[in-house]
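These are my notebook entries on a single protein chain. I set down what I looked up, entry by entry.

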Amino acid sequence: MLQTSSAAAEPIVRVSGLSKIYVGGHQALKSADLEIRRGEILALLGPNGAGKTTLISIICGIVNPTSGTVTVDGHDILRDYRYTRSAIGLVPQELTTDAFESVWSTVSLSRGLFGKSRNPAHIEKVLRDLSLWDKKDAKIKDLSGGMKRRVMIAKALSHEPTVLFLDEPSAGVDVELRRDMWQMVRDLRESGVTIILTTHYIEEAEEMADRIGVISKGEIILVEEKTELMQKLGKKELTLSLSEPMTAIPAELSDWQLDLRADGNELHYVFDGNAERTGIPSLLRRMTDLGIGFKDLKTHQSSLEEIFVSLVSDRGRQ
């Protein structure tokens with residue numbers, strides 16, 4: 001969907017100074033700030049209890065904030081509740097729907113709950129897009145777990161929201177169906193829907209997201225373009241398989257901060273792949289000068305999972 005530059009520049013969701021303290025004193029969110037761009041896929045990563053679901057619940061109007069503000073498409077979620085709730089679709093983590101209703105009935109009812117007039121053509125399109133059309137007359141109780149999750153997505157799309165929240169969309173879904181759902185999410189984004197997903201599956205964020213947000217202990221640690229995050233924080237590793245095992249690293253190689261691994265059969269070197277000089281050519285020359293041979297070399301780029309674990313671990317030590 002084409003948009004004007006001014007529309008594209010204005011965040012569709014803006015969170016400012018958002019805090020939530022539950023009865024009993026637990027602070028689930030601590031002055032969170034977040035801007036979600038129109039038409040993007042934002043993945044929100046964080047361990048259990050980090051505050052992801054609380055953040056989504058507040059934006060969607062399910063939980064009241066203790067302090068701070070949230071606007072959706074320029075409308076305050078508290079003052080303009082009806083508008084903002086209608087603009088948002090939510091697919092919760094739990095599969096909650098009437099087991100004895102048909103797929104068609106439960107999705108149509110969801111549209112009516114938002115005050116939208118009947119539109120069988122739209123309901124049909126949603127069901128077809130989600131490969132649910134042949135199940136339209138089936139009772140929810142007779143569907144597989146993966147199909148039930150598709151019904152939850154259909155319900156969330158029934159009232160034509162511009163923003164869609166997916167809370168752990170792949171939980172309990174097999175790998176094949178998970179990849180189908182990834183494609184479905186991309187198609188939704190192409191149609192103009194802004195997607196925010198929380199996930200435990202790092203590969204889900206790595207596969208789909210335009211930007212990655214990391215939340216830990218109620219604080220949003222960072223929000224970065226996925227590629228920039230991996231370039232800035234992802235280190236590269238060089239592993240050299242030695243021709244002969246070594247008992248210790250020679251002092252002449254101390255400039256490279258090497259590790260000896262695999263019972264002395266491997267040299268391991270961590271470097272910045274974006275640096276102008278990685279130090280690898282000079283390392284290999286020095287090894288040749290010292291008569292240290294190697295049979296093989298390989299490099300490894302840190303994965304998003306390794307970056308995420310590092311970020312959260314560093315935060316926990318502060």
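I took two strands as paired if DSSP finds at least two bridges between them. Helices (H or I, at least four residues) and strands (E, at least two) are DSSP runs, numbered from the N terminus. I worked on a predicted model, in which local features need pLDDT of at least 70, side-chain atom pairs count only at pLDDT 80 or more, and totals for chains, interfaces and linings use all residues. Residues are numbered from 1 along each chain as its sequence is written, and side-chain values use heavy atoms, with hydrogens and water left out.

**Entry 1**

I traced an open sheet of four strands in the order 2-1-4-5, with antiparallel pairing. Its edges are strand 2 (27-36) and strand 5 (75-76), each of which pairs on one side only. Between strand 1 (residues 13-21) and strand 4 (residues 67-72) I found five bridges, again antiparallel. At this pairing, Ser-16 faces Thr-69 of strand 4.

I then asked how many residues of strand 7 (residues 163-167) are buried. Five of its five residues are, with buried meaning under 20% relative accessible area, exposed over 50% and partly exposed in between (1.4 Å probe, protein chains only). Val-163, Phe-165 and Asp-167 point one way, Leu-164 and Leu-166 point the other way, and all are buried. I noted the general rule that in a regular strand the side chains alternate between the two faces of the sheet.

Strand 7 pairs in the parallel sense with strand 6 (residues 88-91) over four bridges. Leu-90 has Phe-165 of strand 7 as its bridge partner. Strand 7 also runs parallel to strand 8 (residues 194-199), joined by five bridges. There, Asp-167 lies opposite Thr-198 of strand 8.

**Entry 1: the aromatic pair**

Trp-104 counts as partly exposed because its relative accessibility is 26%. Trp-133 is likewise partly exposed, at 22%.

**Entry 2: charges around Trp-133 and elsewhere**

Which ring lies under the charged end of Lys-136? I found that of Trp-133, its centre 4.6 Å away. A charge sits over a ring if NZ of Lys or CZ of Arg is within 6 Å of the ring centre and within 35 degrees of the ring normal. The charged end of Lys-20 sits over the ring of Tyr-22, 5.1 Å from its centre.

Lys-136 also forms a salt bridge with Asp-137, with 3.8 Å between the closest N and O atoms. By salt bridge I mean a side-chain nitrogen of Lys or Arg within 4 Å of a carboxyl oxygen of Asp or Glu. Lys-136 is partly exposed at 24%, whereas Asp-137 is exposed at 58%.

**Entry 3: further salt bridges**

The structure holds 14 salt bridges. One of them joins Arg-189 to Asp-210, with the closest N and O atoms 2.5 Å apart. This pair links distant parts of the chain, from Arg-189 in helix 7 (residues 175-190) to Asp-210 in the loop between helix 8 (202-208) and strand 9 (211-216), 21 residues apart. Asp-210 is partly exposed at 28%. Arg-189 also meets Glu-190 in a salt bridge (3.7 Å, N to O), and Glu-190 is exposed at 54%.

**Entry 4: a buried lysine**

Lys-155 is found in helix 6. Is it buried or exposed? Lys-155 counts as buried because its relative accessible area is 17%. I computed 9.6 Å between the C-alpha atoms of Lys-155 and Leu-127, 28 residues apart along the chain.

**Entry 5: the whole chain**

I counted 11 helices and 14 strands in the protein chain. Of its 318 residues, 44% count as buried. Taking a contact as heavy atoms within 4.5 Å, I found that among contacts between residues at least 6 apart in sequence, 68% join residues at least 24 apart.
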